[in-house]
Amino acid sequence: MFPFVSRGKVLGANDRIGIGFIGVGQRGATHVAVVQKLIQEGENLRIAGATDAYRYRLEETIKAAGGTAWRRDVELVAAPEVDAVCVATPDRHHMRQGLMAVSAGKDVYCEKPMCHWSQFDQAREFCDAARKLGRVVQIGDQGNSSPGWVKVKELFASGAVGRLEHVRAGYYRRGDFAERMPIPDPEAKPGPDLDWEAFLGDAPRVPFTVERFFSWRRYLDYAGGPCTDLWPHVLTPFVCALGLGFPESAAAVGGIYKFTTYDREVPDTFDSALGYAGHTVSLTATLANDYATEPAIRGDEGTMTFQNAGGWESGFDSVTVIPASGAPKVVAGKRGDPTPEHWKNFIRCVRTREQPVSNAQEFLKVQAALNMSMLSYRHRKVARFDAGERKIIGV
């Protein structure tokens, strides 16, 4: 897609890192604010600028944060003052923009999911390019930076549950606020201030509506609902802590059962069974009820359960280790906003060239599970994974 043109400049430990932001809507604006706070706290960073398909959002960001207002993403990634790129656009743009950035010698903080549910081949290409070019990539499932997961990894490695048999976890929310995104200007229309063609990218050509542009998470062309928006927070920490590989199979069911009164296309309830070599993972989600059952890691010699995991991004209160015989042991967890820590981990790795906690190679395993689940749901078939070719098959 893009030529491998640069391995990027080498930054010293004391060099100031310039961050460019592609997409400054809801999530992108949060990342700008996090980086601003890190700068205030002494991190040697600067906001190089931003780009967005909606001019008003872009201008408001530059007015508050400074830097250059680029009208096109290609201009931002080519700018020499940009060392690292934050991609916070609709899902199906992530891989084109990410690949463009690493090919230009930039490191990348890419919002989750890594790609749209139909684009696994692009995700594989992006990972291969990042590895070949030696770029640092952090995927924005910030819950993986919650410190409690370090302890979970240590407990599992110590044999606390024996051989892994089964993982059960979910994400439960009451409300469709994440999909029914705010529409700041109901009268907005395509033109110089709103680039509809840039928004569509490689998506099917459809007539403009303010709902599709501002509230894009409702639509399957751009998003996947709980599976791709919420499950990255759920599955990624387990993949990293337990050393899970690529799933061998996925079978998913779901639908729109609660929010049926507007033009929503993505499901509001979704379940998937993932088959791995020697164990299984069961994931559930609903937006109609926020009562959460305790997640669990089951082995042949014990169980770990998680208390008050909630939406996962903010961590959990504690982990209880329940051996097959003997008394349970409670290990304290920790809750809080891990997004600043996720950024600090990324910035540290930009300087050291180490792999961040949610690097692209690890997240590709998560992305395979997400895409397989969505394809299973859409085609009503079991999706399978060809590990040799690193391809999804059967759907």
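Modeller: This is a predicted model. As a convention for what follows, angles under 35 degrees count as roughly parallel, over 145 as roughly antiparallel, 65 to 115 as roughly perpendicular and the rest as oblique.

Biologist: Into which classes do the residues of the contact of α6 with α10 divide?

Modeller: From α6 the contact takes Trp149, Val152, Lys153 and Phe156, and from α10 it takes Pro237, Phe238, Cys240, Ala241 and Leu242. These residues divide into eight nonpolar, no polar and one charged.

Biologist: How is α4 oriented to α5, and which hand does their crossing have?

Modeller: Helix α4 (residues 94-103) and helix α5 (residues 120-133) have axes that come within 10 Å and cross at roughly 15 degrees. That angle makes α4 roughly parallel to α5. The crossing of α4 and α5 is left-handed.

Biologist: Which strands stand at the edges of the open sheet?

Modeller: Ten strands form the sheet, in the order β14-β13-β12-β11-β7-β10-β9-β8-β15-β16, with mixed pairing. A strand with a single partner has one side left without a neighbour in the sheet, so the edges are held by β14 (329-335) and β16 (391-393).

Biologist: In β13, which residue is the bridge partner of Thr303?

Modeller: Strand β12 (residues 302-307) pairs with strand β13 (residues 315-323) in the antiparallel sense, over six bridges. In β13, the bridge partner of Thr303 is Ile322.

Biologist: What angle does helix α12 make with β8?

Modeller: Helix α12 (residues 360-379) packs on the sheet, where it touches β8 (249-255), β9 (269-276), β15 (383-386) and β16. The direction of α12 makes an angle with that of β8 of about 55 degrees.

Biologist: How many residues apart in sequence are the parts that Asp128 and Arg390 tie together?

Modeller: Side chains of opposite charge can pair when their charged atoms come close. Asp128 forms a salt bridge with Arg390, and their closest N and O atoms are 2.9 Å apart. Asp128 lies in helix α5 and Arg390 in the loop between β15 and β16, so the pair ties together parts whose separation in sequence is 262 residues.

Conventions. Residues numbered from 1 in each chain as written. Predicted model: local features only at pLDDT ≥ 70, side-chain atom pairs only at ≥ 80, totals over all residues. Heavy atoms only, no water. Axes fitted to C-alpha atoms, helices over the stretch in contact; angles between N-to-C directions. Helix = DSSP H or I, 4+ residues; strand = E, 2+ residues; numbered from the N terminus. Left-handed = near helix turned anticlockwise from the far one by under 90°. Pairing = 2+ DSSP bridges. Contact = heavy atoms within 4.5 Å. Salt bridge = Lys/Arg side-chain N within 4 Å of Asp/Glu carboxyl O. Nonpolar A, V, L, I, M, F, W, Y, C, P; charged D, E, K, R; others polar.
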